[in-house]
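Biologist: Can you walk me through this one? I have some quick things to ask.
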Amino acid sequence: MNRGPGPHLWIDRVVKRYGSFTALDGVSLTASRGELLTLLGPSGCGKTTLLRIIAGFLQPDAGQVSLAGRGLNGVPPNARNLGMVFQNYAIFPHLSVAENVAYGLRARGIASSEIVRRVAEALARVRLAQFADRFPDALSGGQKQRVGLARAMVIEPELLLLDEPLSNLDAKLRIEMRQEIRLMQRELGITTVYVTHDQEEALAISDRIAVMDRGRILQVGTPREIYEQPTHAFVADFIGGCNWFEGTVSNGELRLAAGPRLACSAAPQTARLALRWEDLRPARETDPPQSCLAARVAMVSYLGHRVRLHLRACQDDTEIHADLPSHGELHMEGTTALFAFDPQRARVFASDGTRLL
Amino acid sequence: MRRAPALPPGGVLARLDPWPLLGAAALLVVLVFVAWPLSELALESFIGQESQHFGFENYATFFASSYFRRALFNSLTIGALGTIIALCIGVPLAFAYARYDFPGRDTIEVAILLSMLSPPFIGAYAWIMMFGRSGWVSEFARDLGIELPPIYGAFGISIACAFGLYPLAFLVVRSGLARVNRSLEEAAYSLGRGRLGVMFTITLPLVLPALLTAALLVFLGVVSDFGTPGILGEGERFPVLATLAYSLYLSEIGAEPGMAATTCMILLAITFVLVLGVRFLSGRRSVASDTASDLTLRPLSGGKRWAMTSGVALLVLTANVPTIVVVVSSFLEVRGAVFQPVFTLANYRNAMVAMGNALWNSLMLATIALALIIAVGGSAGYYISRRSGLLPRALDLLIMVPFVVPGTVIGIGYATVFNEPPLLLTGTYAIIAIVYVIRRLPYMTRSCAAIVFQIDRALEDASLSLGRPPLAGFRRIVLPLMRPGMVAGAAIAWVEVFSELSASIVLYTGPTRTLPIAAYQQAATGDFGMAAAYSTLLVGIAAIGLFIFLFAARGRRDRVVGWI
């Protein structure tokens, strides 16, 4: 077993093509032991393909996957010692809960007394001890996914793969389950690759996130880095809500069509400014006029913990959202108001999506 | 304190994927036993019966002869008439079962399936017993001064076939109706259409593919049937293609194998044109709804419920009359061709004496064939449904071909190809077992492919990722889940195999005679008492087998679990 330095999971320039469609375009990624790494992206971005290559269900056309210092190319999925949790649970319907959990242990020829002990331990950990003899059709979706977790973890895998494990559960259960998964993963120290298209889930659960789009990894970083310092327009747009302002850079200044200006030392070009919805607020008298813009309130949505204003910039009709504390001042639909932002919170991207500022 | 993880075994067995190999073996088998005999027949049909030259001579002879043309016309007539009658019974039943709840549903459904048990030719001479020249209904009517129209010929054959085949129409249309999303009809009602308007603008167009399929299957069943026209057509008087091909091939006065092959090809051409036609017509109307259909049944108010029950029961009872007549009359005394109202076991005593080893042959051959059908059909169904590529597609196509090829045609094809080395099989038990397997493999393969299609692929992925090699995963996960589909397929295959007549009658020799052949021969030569006894045995044993399978299909999950 690899306990030395170097990554536990090492993905090196993996390529996967389907005919003329490139599902993975030279993806490289590492995960260190005990880390929870999330692959985040829209459907079709290649995250599930990458997960299935790691699992061994697909063979890469080029590139290498290694785990604990062992090359995995050509190793069949059943000889990789990975635990996998599936989106639709994939609980064997004709086996009891306990037999489901025991399935992988039996494949490894472990003594039955130890199997009984480890199954009981795993079921207790996912709080399903009293369901051991039930059949899956008597379980709820959340319980089924707990069986899936116990089944994957009980074999003490080198790597745990989770393929959108919560997307078939309802909203409240999703939040509960993701905390449970995270706590269990930390406690057991299992290196985990987690696939999801839900950005909030990714932020909440991950040590690091790899944001994918069209077969490429655009940015890898901690949740905070991904949210606060997106290096690519796609990342900024995909995670959280962003207002986009068109503008041009010239003479060390970015001028937005909607009005505001800010310093920018890049070469003259067209550029886009991204501003989180929560970073726009009603202007105060002390705000410098170049960070302010006038907008008409088109609609007000009350969301409980905040109020979302749907705005139109007076100058060029840009669509803007502003999330304000719900206890703040009232805005009437149809009125016009002045809004301001802190230039420190604004991110500027070139037209090809790369970060300028 | 981490335990050193136990690694799953990673040897050669863990990597072996046996499916392509098994698939290739299966393809070889169907090439030899489906493609070869049929292409040999096709070739032979172009070799002139007189001149021995390659060309259309036989086809010219066929269409020049008024007798041959009549056989073609007769086949098409009974096909069309039989289809109409079977649909008239099956479609209303399907609507009743797909939409309404009424008392006695389940009981009557068993009766519907029971009518599938008896092959149409058994019904055929029940009709003769009742409506034949000296049948008791005809005699009774004659006593009243009414001369009933003759049962022999097109009308009788169509009715006898339809009464045996309507369950097919019922099953197909019913499942078609179940797939039609009920909310489409509700949408039409809400848009202001009346009940009839909805029926004609929404429901019927949506079940049209199912109706077409049902019509096709019944038509093929009627046209391929050998026994019914053999008995009700009185031999040469009402020739159809299936009986014509048989007598041309086996005629005691100068067999004409070339003309037999030509007749087979014409029968086959009708079949394929219809299959392709139906595929073309229904392929352009995809009615698959992506949302789950609402399967709740409409409750009926008091009076209507019982009206529905009596209507359905009457329809099903009528269709079962021939079988009931056969079973009852097998216990009646026969004088000449007339049954007396005296109960006796004499028919069975006579039948046992004349039986030889027909019963034993049937039991043995059908059991062996069924075992092969389960093994080959189960694995082929899995392979076809799970793998993509040329090999599985070719296998799928070739396995399904015998589903639409009339038994007589397959029988003559086998007799032509396997009567000389390298594969000298004529006269053996093996050739009958093989023809049973090949003819009924499509049921099993389809039934298994359908159920595998419903088994989530992720289950196999899960099994793999937990460390089981593909074959072990198949045995422990897929096979137990396939069981219901396999049992259903096997149940149908058993009934069909046990009563198979049209191919085996071409291929049997004295020692390899089977029960259906014995029953047919007695019915054709007019010993009604013994024919009734044989037929009752046939239907009875088929039914016992069916119920054993259905019993085995009932949930035994506890045992499956203990088996791991």
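Modeller: Here is a short tour of a helix, a surface patch and some salt bridges. This is a predicted model, where local features need pLDDT of at least 70, side-chain atom pairs count only at pLDDT 80 or more, and totals for chains, interfaces and linings use all residues. Residues are numbered from 1 along each chain as its sequence is written, chains are lettered from A and ligands numbered from 1 in the order written, and side-chain values use heavy atoms, leaving out hydrogens and water.

Biologist: How many residues does helix 5 of chain A have?
Modeller: Helix 5 of chain A has 18 residues, 171-188. Helices here are DSSP runs (H or I, at least four residues), and strands are too (E, at least two), numbered from the N terminus. From first C-alpha to last, helix 5 reaches 26 Å, close to the 26 Å expected at 1.5 Å a residue. That expected span is 1.5 Å times one less than the number of residues.

Biologist: Which of its residues are buried?
Modeller: Met177(A), Arg178(A), Glu180(A), Ile181(A), Arg182(A), Met184(A) and Gln185(A). Buried means under 20% relative accessible area, exposed over 50%, partly exposed in between (1.4 Å probe, protein chains only).

Biologist: What do they pack against?
Modeller: Their partners in chain A include strand 3 (36-40), helix 3 (112-125) and helix 4 (141-153). Contact means heavy atoms within 4.5 Å.

Biologist: And what follows helix 5 of chain A?
Modeller: Gly189(A), with a positive phi near 65°.

Biologist: Switching to salt bridges. How many are there over all chains?
Modeller: The search finds 30. Each is a side-chain nitrogen of Lys or Arg within 4 Å of a carboxyl oxygen of Asp or Glu.

Biologist: Which residue does Glu121(A) meet?
Modeller: Arg125(A), at 3.5 Å, N to O. Glu121(A) is partly exposed at 34%, and Arg125(A) is partly exposed at 27%.

Biologist: What about Glu496(B)?
Modeller: Glu496(B) pairs with Arg440(B) at 3.3 Å, N to O. Glu496(B) lies in helix 21 of chain B and Arg440(B) in helix 19, so the pair ties together parts 56 residues apart in sequence. Arg440(B) is buried, at 10% relative accessible area.

Biologist: Which residues do shared partners join into one network?
Modeller: Glu114(A), Arg117(A), Arg118(A), Glu121(A), Arg125(A) and Glu156(A).
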